[in-house]
Amino acid sequence: MNAYRKTWAAVLCGTMLGGFAATSAQAKDITLCWAAWDPANALVELSKDFTAETGIGMKFEFVPWPNFADRMLNELNSGGKLCDLLIGDSQWIGGGAENGHYVKLNDFFDAEGISMDDFAPATVYAYSTWPKGTPNYWALPAMGDANAWFYRKDWFSKPEIQEAFKAQYGRDLAPPQTQRELMEIAKFFQGREIDGQTRYGINIFTERGSEGITMGATGALYAWGFKYENTPGKYDMEGAVNSPEAVEALEFYKELYKCCTAPGYTDSYMQESLDSFKSGQVAMAMNWFAFFPGLYKDEQVGGDKIGFFVNPKQNVEASTLGGQGISVISYSENKDEALKYIKWFAQPAVQAKWWSLGGYSAHNSVLNDPGFKDSQPFAADFLKAMSAVQDFWQEPAYAELLLAMQKRLHDYIVADQGTAQEALDKLIEDWTETFQDEGKL
């Protein structure tokens, strides 16, 4: 393992535990750690019921997304005791399990009658299991999420816009059904004057520092049929990661960035996407379902002005997975109280309220309710997305794997270095070196 790799292994391992103060929670008082965003505010409200029922006080440590991974992974890797419960990203599950950060929950689930069959299979697989697909559970599905799209429904419905689009493309202007249609709509709006202002087609993720451009570009890659391995668990990446379909998808994403985004969005992720849409710059934007309740309530662009659609297919239906599971930290001095929270949170009634407050339940009793699809204007799309989600590597070395993909994609898409084929070929070289160092190749 070279110095670069050692550094990132330390950050990785440390990223989950180190950055927090190592102060223990008081008795009958537990701390839940998560990212600072709208769903976290909903969880604070929801958790008041837990305290009322059990007498256990709740504290919260919410970290802004740009710093969330570094802060939490450092906290974990240092054996810190700030967090009793952690809602950690799906990619952390391998490291959380293998490095001893998370409490294995199988015996607890069995004793309390908590069945993983009660949760959406995709969320159990992604948020809870390690090794993948085995009945070894390290988290309870907490926050279902996927990358999707929202658009200016009021612009789409303008008669003059409808007429101009149909004249150009021979079809009605409506949410796209394919990635190619997405491109057409983005090109149509690019530079168009609407209500006296110049508008742009789209905002997509281009951020390099954490995970942004990978989470954005995989929306296209997965839709073209991209796979990380030819054979699951074999790390045989040649011909999968750099397949002709993957090359075409990456070329598509670069063209979408070059043709149809607003000027200056070379480092755009969640907040920049929201800002560009709320300020009226773009007709469409990608982001996580987690932000959709807040967007719909927004006085400027919400309500009748906004519409939502699932990530369009190309060769296959696919969406980039977001979301997290909730885990008990092995270093916690309040494991019993933390486990009581897990038991409480798993109840169907609590899960129903979680959805009503703006969280995304993964419980089948909520998702399969006959009224769920009509409960929010984006609920049906959420169900569709979660039936076809794909995730990044969940290996213990995921951060190093992610850094490599961030670099290769950003260099090609934003910095105009090389070709898509070269970017993916180099990515395989990067990942091969990582897996060799991990003893998996």
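A: The count of salt bridges comes to 18. The model is a predicted one, so the distances below are computed from predicted positions.

One of these bridges joins the side chains of Lys81 and Glu333, at 3.0 Å from N to O. Its two partners come from distant parts of the chain, 252 residues apart. Lys81 is in the loop between helix H3 (65-77) and strand E3 (85-89), while Glu333 is in the loop between strand E10 (319-328) and helix H14 (335-345).

Lys407 and Asp411 are both in helix H18, four residues apart, which separates them by about one helical turn. The general rule is that an α-helix has 3.6 residues a turn, so residues three or four places apart point the same way. Lys407 has a relative accessibility of 34% and counts as partly exposed. Through shared partners, the salt bridges join Arg208, Lys407 and Asp411 into one network.

Now for the chain around these bridges. There are 19 helices and eleven strands in the chain. Its radius of gyration is 22 Å, close to the 22 Å that the globule rule gives for 441 residues, so the chain is as compact as a globular protein of that length. Along the principal axes, the C-alpha atoms fill a box of roughly 65 × 50 × 35 Å. Of contacts between residues at least 6 apart in sequence, 77% join residues that are at least 24 apart.

Buried residues account for 57% of the 441 residues. The accessible surface of the chain is about 16,900 Å², and carbon and sulfur atoms hold 48% of that surface.

Helix H17 (residues 379-386) gives an example of how burial can be arranged. Its residues Ala379, Asp381, Phe382, Ala385 and Met386 are buried. They cover an arc of only 160° around the axis, which puts them on the same side of H17.

A strand gives another example. Ala35 is part of strand E1 (residues 29-35) and is buried, with a relative accessible area of 0%. Apart from neighbours within four places in sequence, Ala35 is in contact with Ala40, Phe62, Val63, Trp65 and Phe68.

Last comes the confidence of the prediction. The average pLDDT of the chain is 93, and 94% of the residues score at least 70. Over residues 1-27, however, the pLDDT is below 50, although this stretch has 102 contacts in the model beyond near neighbours in sequence.

Key:
Residues numbered from 1 in each chain as written. Predicted model: local features only at pLDDT ≥ 70, side-chain atom pairs only at ≥ 80, totals over all residues. Heavy atoms only, no water. Salt bridge = Lys/Arg side-chain N within 4 Å of Asp/Glu carboxyl O. Helix = DSSP H or I, 4+ residues; strand = E, 2+ residues; numbered from the N terminus. Buried < 20%, exposed > 50% of the residue type's maximum accessible area, 1.4 Å probe, protein only. pLDDT = per-residue confidence, 0-100. Contact = heavy atoms within 4.5 Å. Arc of directions from axis to C-beta. Rg over C-alpha atoms; globule rule 2.2 N^0.38 Å. Areas by Shrake-Rupley, 256 points an atom, 1.4 Å probe, with all protein chains shown as cover.
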